[in-house]
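Subject: Structure for you to look at

Hello,

Here is the structure I promised to pass on. Please open it first, then read the notes below.

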Amino acid sequence: MKQEFKIISDFIEKNTRVLDVGCGDGTLMEYLKINKEIDIRGIEISKNNSQKCVSKGLTVIEGDAEKDLIQFPDSSFDFVILSQTLQAFLNPEIVIQELLRVGKKAIVTVPNFGFWKVRLHLMIKGTMPITKNLPDEWYNTPNLHMCTIKDFYNFCHDREIKLDKALALRNEKTSSINETNLNIKNLSAELGIFLIER
Amino acid sequence: MNQNANIKSLIIDKPLKLDCGQTINNFPLAYETYGVLNDKKDNAILVFHALTGDQFVSGINPITKKDGWWSYAVGPNKAIDTDKYFVICANVIGGCLGSFGPSNTSSDTNKVYGTTFPIITINDMVNAQYNLLDFFKIKKLLAVMGGSMGGMQVLQFISNFPEKARIAIPIACTSSHSAQNIAFNELGRQSIMADTNWLNGDYANQNTNPAKGLSVARMAAHITYLSKNGLQEKFGRKLQERDDLKFSFDADFQIESYLRHQGSVFVDRFDANSYLYITRAMDYFDLTKEYGGNLSKAFEKTKTKFLVISFTSDWLYPTSENKEIVIALNAIGADVAFVEIESDKGHDSFLLNVPEFLNTLKNYINNSYLTIQE
């Protein structure tokens, strides 16, 4: 987790405007505020988490990213962050479109369903995989649209979304993803971190 | 009801041009303060009251001998901590607790103004209260805040004086009074005017009082401050000190008795004409229209941090109307936070002990104050 935050922080330039979509209790926002001189906002669907963020003095609005991003004008942020939330949306495709409308660039991190432990769990046990990054049972998981690193890579490719950076994260170690090592990273990485733009 | 040694007031000698066209000067503005203004004068919070509120935010109200209207939120160690902050609140003009209002006596005619008092607006109220900053020599307030009509004043204040507050907290309010709210206010006014003692507003000069009309107005309004679930839970069909229905028009039900009580205590502390004037000011409030249909324009010049708060069961100033303020602010990249607090206490939630609301408010103010000091 720490490593993910560090990578996101490295992607973001100084003195920029940033929006954290699905900012949770504001941990990443606080981390970025301390480490970067940026103007950061958040949007969060849970009442409890929104209140936690506002209590910290963070500029967070309680709202549903699938409905409420519409209020932000085109390119009103330099970076929009979506950290491990894409899979929880009803319509991830529209959310990605919105991220790229509101932000000049978007940072999207996806828990990789193609990770070998996930595959092995399903193959050996024959039940829905439960891992460190995917701790919930099939009946109570908030994740509606799980995908693999390869899925997201292809998704961007098909829609002519530019992948500025694509990183794979495994045991806090990062490596870059490219056309040639895609299948390997899709097996070995727990998390994919992408910097994308239109 | 306004001659009292406990009321501090300021005489505003600077002429104030009202929206209705008239100019007033040398008029009183009654206020109260809590806590101490620090040497840097960076810890002042201006609180705006709602329709029937007054300057006595906290502690014991010296006129009614009851708790101040925002005692849950304001006081030592409370959400708005008076050990840290200097809280100022003024009675709005048009009101009846010391500020210039229809129950004042005109020096020209030696008669109580009544309905000869000029129509006032939220804008007029805010412009009158702005004089408090000069009086206390405060360059910039830490915060302006208020619920309901107090929230409308917050919005108007920031639009009129974009550089005069670091934080703005409009709570359970709107940028444009809705048809439903105008309708409820009209119901209250008509009830006052239907009282034969109202005498076209001249009752004070003829030693009478439209208490019945004002009481009914309060009863009707009080229902709008609560929620259906809240009422059902608190009262249900419970009977008032009786085992069975009396087959009469007495207050059989507790809710009837409760409302009658609310109405009767209200008339002891509030002036019927003030009720007409202040509800009118609320109805006329339309900040969106003031800026040509684009609310964002009202806030274009400000760097103030906003926190907008609404409540789930508030159907008088619902979340959707509070969100319109958030949307207008986000459209211009303003610094705005927003939370909708879960509560079954209706519009009145902002006045009551709703821990999630009070905690969020407290931490937001304290953390924002720390950032400002850095």
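Two residues are in contact if their C-beta atoms, placed from the backbone, lie within 7 Å. Please keep in mind that this is a predicted model.

**Ile167(B)**

What does Ile167(B) touch, not counting residues up to four places away in sequence? The list is Leu142(B), Ala143(B), Thr304(B), Lys305(B) and Ser368(B). Ile167(B) belongs to strand E10 of chain B, which covers residues 165–171. Is Ile167(B) buried or exposed? Ile167(B) counts as buried, because 22 C-beta neighbours fall inside 10 Å. The cut-off for buried is 20 or more. Val154(B) sits 13 residues from Ile167(B) along the chain, and their C-alpha atoms are separated by 10.0 Å.

**Lys323(B)**

Next, look at Lys323(B). This lysine lies in helix H9 of chain B, residues 319–330. Lys323(B) has 20 C-beta neighbours inside 10 Å, so Lys323(B) counts as buried too.

**Chain B as a whole**

Now step back. Chain B holds 10 helices and 12 strands. Its C-alpha atoms fill a box of roughly 65 × 50 × 40 Å along the principal axes. Chain B has 374 residues, and a compact globule of that length would have a radius of gyration near 21 Å. The value for chain B is 20 Å, which agrees. Of the 374 residues, 49% count as buried. Take the contacts in chain B between residues at least 6 apart in sequence. Of these, 70% join residues at least 24 apart.

**Two helix pairs in chain B**

The pair to view now is H1(B) and H2(B). Helix H1 covers residues 122–135 and helix H2 covers residues 149–160. Their axes are 9 Å apart, and the packing angle is about 65°. Angles of 65 to 115 degrees count as roughly perpendicular, so H1(B) is roughly perpendicular to H2(B). The crossing is right-handed. H1(B) contributes Ile122(B), Asn123(B), Met125(B), Val126(B) and Asn127(B) to the contact. H2(B) contributes Met152(B), Gln153(B), Gln156(B), Phe157(B) and Asn160(B). By class, that is five nonpolar, five polar and no charged residues.

Then turn to H3(B) and H7(B). Helix H3 of chain B spans residues 179–194, and helix H7 spans residues 272–284. They pack at about 160°, with axes 10 Å apart. Angles over 145 degrees count as roughly antiparallel, so H3(B) and H7(B) are roughly antiparallel to each other. The crossing of H3(B) with H7(B) is left-handed. Among the residues in this contact are Ile182(B) and Arg189(B) of H3(B), and Tyr275(B) and Asp283(B) of H7(B). The contact has six nonpolar, three polar and two charged residues.

**Where chain A meets chain B**

Last, the interface. How many residues does each chain put into the contact? Chain A gives 15 residues and chain B gives 21. On the side of chain A that touches chain B, helix H3 (47–55) and strand E3 (59–62) of chain A each supply at least two residues. H3(A) gives the most, with five residues. That side of chain A divides into five nonpolar, seven polar and three charged residues.

Over to you.

Terms used: Residues numbered from 1 in each chain as written. Chains lettered and ligands numbered in written order. Predicted model: local features only at pLDDT ≥ 70, side-chain atom pairs only at ≥ 80, totals over all residues. Helix = DSSP H or I, 4+ residues; strand = E, 2+ residues; numbered from the N terminus. Rg over C-alpha atoms; globule rule 2.2 N^0.38 Å. Buried ≥ 20, exposed ≤ 12 C-beta atoms within 10 Å, placed from the backbone. Nonpolar A, V, L, I, M, F, W, Y, C, P; charged D, E, K, R; others polar. Axes fitted to C-alpha atoms, helices over the stretch in contact; angles between N-to-C directions. Parallel < 35°, antiparallel > 145°, perpendicular 65-115°, else oblique. Left-handed = near helix turned anticlockwise from the far one by under 90°.
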